[in-house]
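Here is a brisk report on one protein model. Look over the sequence and structure first.

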Amino acid sequence: MFKIIKGKRKALKQEAIEPPGPNVSSDVTVNHASRSAIVSDQQPSIWSQAVSVSSSSPQPGVVEVLPMLKDVPVAERHALFLKKLQICSYMFDFSDTVKNVKEKEIKRQNLMELVDLVQSGSSKMNEIMQGEMVKMISLNLFRCLPPQSHENSGTENLDPEEDDIYLDPSWPHLQLVYELLLKYVVSSDTDTKVAKRYINHSFVLNLLDLFDTEDPREREYLKTILHRVYGKFMVHRPFIRKAINNIFYRFIFETERHPGISELLEILGSIINGFALPMKEEHKLFLSRALIPLHKPKSINLYHQQLSYCITQFVEKDYKLADTVIKGLLKYWPVANCGKEILFLGELEEVLDATQPTEFQRCMVPLFRRIGCCINSPHFQVAERALFLWNNERVLSLMALNRLIILPIIFESLERNIQGHWNQTINELTANVRRMFMEMDPELFEDCQTQYMDKEAMVNKKSKQRELTWKKLESIASQPV
């Protein structure tokens with residue numbers, strides 16, 4: 001689904017940065033004033049040894065320029081590393097471009113050095129340093145997001161191209177923090193047994209909360225990082241799937257607003273692709289309770305491509321799920337939204353491509369009743385998309401095998417188009433489909449035509465009788481009392 005481009009690893013010998021000995025003093029203070037809940041379930045024995053960093057706003061002159069880690073003796077690197085984390089934990093107001101310019105640049109330089117350090121693998125971090133680094137990352141990333149555009153304007157605009165894309169002014173620093181987290185997660189030097197103490201359930205939940213940001217750059221990083229966490233930390237996999245489920249449930253049944261649904265579905269597309277067979281019941285329930293109901297919200301056009309891919313992956317993995325998927329599509333089929341109906345028809349074709357004849361037979365009656373309605377749609381794009389199904393060889397072969405049932409269902413829709421659809425292109429496409437069935441089974445086609453003509457004759461007869469009855473009533477009503 002997406003690629004992580006790793007930088008080239010430098011061929012340097014690793015140097016462990018050890019904590020200072022008992023006789024070495026450190027001037028880094030222990031003070032965590034905010035977000036203590038994030039690490040509350042992490043091991044206190046480790047944190048009691050750690051020299052923590054401060055997240056409060058810096059006082060003038062507090063943020064100082066520090067030497068680079070490679071320029072100091074090994075014995076001093078532990079304290080210097082923690083000082084750099086302290087500087088990187090300071091929060092600045094990026095809405096004011098002229099405020100704290102020097103301090104912001106010092107923080108940016110330190111973040112870049114930390115990214116290079118983790119990426120190169122030239123120095124191996126101990127547990128204390130890893131824990132403090134994750135704390136610093138948490139302080140920078142896990143923040144209150146600004147109100148979304150619809151909350152300020154009160155509009156119901158669902159077209160992303162018409163909205164002004166929100167770009168976080170603090171992104172120059174946030175990007176480096178995300179890059180640091182990504183390099184830490186993907187690094188071969190990162191021991192999952194140690195890292196899972198800090199990249200825990202609380203951390204993962206906070207990451208998932210950030211998918212609600214409107215900044216597409218941040219969501220792209222979150223997508224990549226969460227997918228890497230899912231791949232590296234096997235112990236977190238069931239929890240991540242369940243947490244994503246809960247986001248979908250809230251989106252479907254409560255808010256119908258979430259900017260990150262497409263990114264979450266993109267992650268799930270890769271996850272579903274790796275499901276083992278036979279498929280677990282948990283995964284089938286996820287399909288029926290979360291993915292299929294995602295067709296309900298009005299904003300489906302924002303994430304339909306990713307949703308369709310996930311649905312198709314399920315059917316390709318287990319063909320027996322095709323019946324469940326098709327009936328689910330029919331359940332949420334739009335009634336008065338033509339754009340959404342076109343999306344459904346495109347997805348339906350992809351599902352039918354992977355459907356076996358036995359599963360097709362279970363749902364073909366309600367399916368072709370719906371397709372018949374689409375063929376007669378006054379919106380020419382809906383009718384055109386429905387008629388394009390006959391251009392698909394796989395779908396056409398399924399229809400040919402079951403023509404005895406399918407043709408009687410849609411014959412009336414085809415005849416109505418021939419007789420009265422306003423669009424010339426639709427008339428031509430309908431005539432082509434009609435010709436296909438005629439060549440496929442002339443006798444069946446003739447029988448259907450006879451039945452249709454008999455039905456039309458009966459309808460005309462009843463219509464004439466109704467007109468005569470009304471005329472009689474009018475004549476009786478016009479007579480004087």
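Is Asn 100 buried, partly exposed or exposed? Asn 100 is partly exposed, with a relative accessible area of 26%. Asn 100 sits in the loop between H2 and H3. Its phi is near 55°, a positive value in a residue other than glycine. This is a predicted model.

**Overall make-up**

The protein chain has 21 helices and zero strands. It counts 481 residues, and 48% of them are buried. Take the contacts in the protein chain with a separation of 6 or more: residues 24 or more positions apart account for 76% of them.

**Loop backbone**

Glu 256 also has a positive phi, about 55°, although it is not a glycine. Its place is the loop between H10 and H11. Glu 256 is partly exposed, at a relative accessible area of 26%.

The loop between H11 and H12 holds Pro 278. A cis peptide bond joins Leu 277 to Pro 278, with omega about 0°.

**Two helix pairs**

Two packed helices are described by the angle between their axes and the distance between the axes. The table gives these values for two pairs.

| Helix pair | Axis distance | Angle |
|---|---|---|
| H2 (residues 74-88) and H4 (residues 127-141) | 9 Å | about 10° |
| H14 (residues 322-331) and H15 (residues 338-353) | within 11 Å | roughly 170° |

Start with H2 and H4. They pack at an angle of about 10°. Angles under 35 degrees count as roughly parallel, and H2 and H4 are therefore roughly parallel to each other. H2 brings His 78, Phe 81, Leu 82, Leu 85 and Cys 88 to the contact. H4 brings Ile 128, Met 129, Glu 132, Met 133, Met 136 and Asn 140. By class, the contact of H2 with H4 has eight nonpolar, two polar and one charged residues.

Now H14 and H15. Their axes cross at roughly 170°, which makes H14 roughly antiparallel to H15. From H14, the contact uses Val 325, Ile 326 and Leu 329. From H15, it uses Phe 344, Glu 347, Leu 348, Val 351 and Leu 352. Seven of the residues in the contact of H14 with H15 are nonpolar, none is polar and one is charged.

**H12: two sides**

Which residues of helix H12 (residues 281-291) are buried? They are His 283, Phe 286, Leu 287, Ala 290 and Leu 291. These residues cover an arc of only 115° around the axis, so they lie on the same side of H12. An α-helix has 3.6 residues a turn, so residues three or four places apart point the same way. On the other side of H12, Glu 281 and Arg 289 are exposed. The buried residues of H12 pack against helix H10 (237-255), helix H11 (261-273), helix H13 (304-317) and H14.

**The nonpolar core**

The largest nonpolar core has 128 residues. Phe 248, Leu 265, Leu 291, Phe 368 and Trp 390 have the most contacts inside it. Helix H6 (residues 171-186) supplies the largest share of this core, eleven residues.

What does Phe 368 touch, not counting residues up to four places away in sequence? Its partners are Phe 360, Trp 390, Met 399, Ile 406, Ile 409 and Ile 410.

In helix H17 (residues 380-387), the buried residues are Val 382, Ala 383, Arg 385, Ala 386 and Leu 387. The buried residues of H17 pack against H15, helix H16 (357-375) and helix H20 (424-440).

Glu 349 lies in helix H15. Why does Glu 349 count as buried? Its relative accessibility is 16%, and buried means under 20%. Leaving aside neighbours within four places in sequence, Glu 349 is in contact with Arg 385, Leu 389 and Asn 392.

**Arg 108 in H3**

Helix H3 (residues 101-120) contains Arg 108. At 26% relative accessibility, Arg 108 counts as partly exposed. Arg 108 and His 173 are 65 residues apart along the chain, yet their C-alpha atoms are separated by 6.2 Å. Leaving aside neighbours within four places in sequence, Arg 108 is in contact with His 173 and Leu 176.

Methods. Residues are numbered from 1 along each chain as its sequence is written. This is a predicted model: local features need pLDDT of at least 70, side-chain atom pairs count only at pLDDT 80 or more; totals for chains, interfaces and linings use all residues. Side-chain values use heavy atoms; hydrogens and water are left out. Axes are lines fitted to C-alpha atoms, for helices over the stretch in contact, and angles run from 0 to 180 degrees between N-to-C directions. Helices (H or I, at least four residues) and strands (E, at least two) are DSSP runs, numbered from the N terminus. Angles under 35 degrees count as roughly parallel, over 145 as roughly antiparallel, 65 to 115 as roughly perpendicular and the rest as oblique. Contact means heavy atoms within 4.5 Å. Ala, Val, Leu, Ile, Met, Phe, Trp, Tyr, Cys and Pro count as nonpolar, Asp, Glu, Lys and Arg as charged, and the others, Gly among them, as polar. A nonpolar core is a set of buried Ala, Val, Leu, Ile, Met, Phe, Trp, Tyr and Cys residues joined through side-chain atoms within 4.5 Å. Buried means under 20% relative accessible area, exposed over 50%, partly exposed in between (1.4 Å probe, protein chains only). The arc is that of the directions from the helix axis to the C-beta atoms.
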